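The sequence and structure are shown first.

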Amino acid sequence: FYENYSDFIRPYLDWFGIPYDTYDANGTEPLPDLSNYAVIIMGHRAVYTDNYPLTELETAISSGTGLYSFDPHLFDFPSAFCENVGIQPDFYSTEVTFNTGHYITESHTNDIFHPTNDRITVKQPLHAWSHTYDLMNSTILATIGTDGNTEALMQVADFGNGRIVKWNSYQWVFDEYLGPVWGMDDLIWRGIVWAARKPFVIQGLPPMVTMRVDDV
């Protein structure tokens, strides 16, 4: 799944001006001290097949480093920030609904210009994978599904002095599902900013319409 990160996730980091180092989990370099970073970003599904550095993650997050995870597989293993919730089957839906009472999702509050801003319909059903463990004491910020038959899409939680953001699917970044500039991009940068240890500096574009004029 690395190409998901390189082709779809990393461009967001570059566009939003988020500074980062890249660590290759399949490489030979030793894992750096995660506590030295303001936020750890798991950039795609199944960063590890197993043997995630859970102890190192628990130590770093509890001391204040944030975790922003596009990798739901990380939460398939028992850890200090996960709990057993029983077997939850695969789930699919095209309907995304937001809980707008949080910094990350507050831009999706309905207003007179966008009366249904708290809901987005994607082109194909998003897939939330089956799981047995889940983020402990989490707040659900986005769900997929309708009429009470829903599954969490985006969750957040505190852990010690740190914060965790968990995506259960990032398929919406692909053009065949939704793609960039279709209403969900803000969840990435706002989620990273929320999770990161402060002070945290990015070089993001301001929220305004921009126009480029060339001489042709």
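How many of the 10 residues of helix H3 (residues 186-195) are buried? Nine are, so helix H3 is largely enclosed by the rest of the structure. Buried here means under 20% relative accessible area, exposed means over 50%, and partly exposed lies in between (1.4 Å probe, protein chains only). Helices (H or I, at least four residues) and strands (E, at least two) are DSSP runs numbered from the N terminus.

The model is predicted: local features need pLDDT of at least 70, side-chain atom pairs count only at pLDDT 80 or more, and totals for chains, interfaces and linings use all residues. Residues are numbered from 1 along each chain as its sequence is written, and side-chain values use heavy atoms, with hydrogens and water left out.

**Helices**

The buried residues of H3 are Asp186, Leu187, Ile188, Arg190, Gly191, Ile192, Val193, Trp194 and Ala195. Their cover includes helix H1 (2-15) and the strands E1, E2, E4, E8 and E9.

In helix H2 (residues 54-62), the buried residues are Leu54, Leu57, Ala60 and Ile61. Seen down the axis of H2, these fall within an arc of 130°, so they line one face of the helix; the arc is that of the directions from the helix axis to the C-beta atoms. They pack against strands E1 (39-42), E2 (66-69), E8 (149-159) and E9 (162-167). Glycine 64, which follows H2, has a positive phi near 125°.

**Strand E8 and its partners**

Strand E8 is mostly covered, with eight of its 11 residues buried. E8 pairs with strand E7 (residues 139-146) in the antiparallel sense, and E8 and E9 also run antiparallel. Two strands pair if DSSP finds at least two bridges between them. Each row below describes one hairpin.

| Hairpin | Bridges | Bridge partners | Residues between strands | Turn residue with positive phi |
|---|---|---|---|---|
| E7 and E8 | seven bridges | alanine 142 and methionine 154 | two residues | aspartate 147, about 55° |
| E8 and E9 | six bridges | alanine 157 and isoleucine 164 | two residues | glycine 160, about 60° |

**A buried loop residue**

Where does threonine 105 lie? Threonine 105 is in the loop between strand E4 (91-98) and strand E5 (119-128). Threonine 105 is buried, with a relative accessible area of 0%. Leaving aside neighbours within four places in sequence, threonine 105 is in contact (heavy atoms within 4.5 Å) with Phe98, Asn99, Thr100, Leu141 and Leu187. One of these, Leu187, is also listed among the buried residues of H3.
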